[in-house]
Amino acid sequence: MTVSSSMDQRQRRILGQPLSIPTSQPKQKRTSLISFFSKVSWKLRFQKREPLKNVLFILAERARDPNAKKRHMAMRGLGTMAREAPDKVRKHKKIVLDLLVYGLYDPVSLEVIHESMKTLTVVLGKIQGKGLGSFFIDITLQTRTLLDDENDSLRYSAFVLFGQLAAFAGRKWKKFFTGQVKQTRDSLLIHLQDRNPQVAKACKTTFRACSPYLKLRKEYSFQSEEDQRNTKLYRQLSHYHPEILQFFYANKIL
């Protein structure tokens, strides 16, 4: 076997593409998809044999593949890269973020969207929200629409990511994110009592992270409307989550 042939086979294994799958064994094909994460992990341990940048470019092709399963695998592969080679991901963060935002807006597959959100959570943590640029707006807008999704897993991941965005808004996006939080306040209140305990817990954490953006501004011209909304907020929190209300008072938010 030639060296190029050997490298080609290794590359195919890394990207989750089975070398040979008997048609009589569909479970083996499903296993190859499930094992994609571990295969990429294995690949990253041998970066000297195959430059990580090459893997990134191949994942970029898969991220835009017409096949939703391949797009999903690409998002998962990017997550593995972020965990195992954070320095490399920081170096190529614009490419990585572009691919993940592309996946976040996938028009067909909820699996691709979900995997993109989970990977974005990892990537944002590794880069500490630095250098997001306009990606911050793209991520925030789409994540906010998923807070009320019927799928429990999507809602959970959306709350986790939205809470993370609250920490990385900074001065540049503070005004924008404040507006987004105010538009999201009803959803935050509703999902404090989410039917899924894990989602409710994630929502509570996100509520705390977003609390600084809920402070009133004296220059608002519709103060009476804001007063009414905060009365509603006070009543609901005092009844269902007094500990959050206490936190708000301690930080002079209400």
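From the N terminus onward, the elements of the protein run α-α-α-α-α-α-α-α-α-α-α-α-α-α, that is, 14 helices and zero strands, where helices (H or I, at least four residues) and strands (E, at least two) are DSSP runs numbered from the N terminus. This is a predicted model, in which local features need pLDDT of at least 70 and side-chain atom pairs count only at pLDDT 80 or more, while totals for chains, interfaces and linings use all residues. Residues are numbered from 1 along each chain as its sequence is written, and side-chain values use heavy atoms, with hydrogens and water left out.

The mean pLDDT of the protein is 76, and 64% of its residues reach 70 or more; pLDDT is the predictor's confidence in each residue, on a scale from 0 to 100.

Of the 254 residues of the protein, 45% count as buried; buried means under 20% relative accessible area, exposed means over 50%, and partly exposed lies in between (1.4 Å probe, protein chains only). The accessible surface of the protein comes to about 13900 Å², of which 53% belongs to carbon and sulfur atoms, with areas taken from the Shrake-Rupley method with a 1.4 Å probe and, for residues, only the protein chains shown counted as cover. Among contacts in the protein with a separation of 6 or more, residues 24 or more positions apart account for 68%.

## Helix 9 and its partners

The buried residues of helix 9 are F135, F136, I139, T140, Q142 and T143, and they pack against helix 7 (93-104), helix 8 (110-127), helix 10 and helix 11 (170-191).

With helix 10, the geometry can be described in more detail. The axes of helix 9 (residues 135-145) and helix 10 (residues 152-168) come within 10 Å and cross at roughly 145 degrees, the axes being lines fitted to C-alpha atoms, for helices over the stretch in contact, with angles running from 0 to 180 degrees between N-to-C directions. Helix 9 passes helix 10 in a left-handed crossing; a crossing is left-handed if the near helix is turned anticlockwise from the far one by less than a right angle, and right-handed if clockwise. On the side of helix 9 the residues in this contact are F136, I139, T140, T143 and R144, and they meet A158, L161, F162, L165 and F168 in helix 10. By class, the contact of helix 9 with helix 10 has seven nonpolar, two polar and one charged residues, with Ala, Val, Leu, Ile, Met, Phe, Trp, Tyr, Cys and Pro counted as nonpolar, Asp, Glu, Lys and Arg as charged, and the others, Gly among them, as polar.

## Individual residues

F177 lies in helix 11 and, at 0% relative accessibility, counts as buried. Leaving aside neighbours within four places in sequence, F177 is in contact with F136, T140, F162, L165, A166, A169, C210 and Y213. L124, found in helix 8, is likewise buried, with a relative accessible area of 0%; beyond its neighbours within four places in sequence, L124 is in contact with G129, L132, L161, Q164, L165 and F168.

The loop between helix 8 and helix 9 holds Q128 and also K130. Q128 has a positive phi of about 55 degrees although it is not a glycine, whereas most residues other than glycine have a negative phi. Q128 is partly exposed, with a relative accessible area of 49%, while K130, at 59% relative accessibility, counts as exposed. H92 is found in the loop between helix 6 (86-91) and helix 7 and counts as buried at 15% relative accessibility.

Four of these residues can be paired with a residue elsewhere along the chain, as follows.

| Pair | Separation in sequence | C-alpha to C-alpha distance |
|---|---|---|
| F177 and L141 | 36 residues | 9.5 Å |
| K130 and K93 | 37 residues | 9.8 Å |
| L124 and A82 | 42 residues | 9.4 Å |
| H92 and L56 | 36 residues | 8.9 Å |

Notes: Contact = heavy atoms within 4.5 Å.
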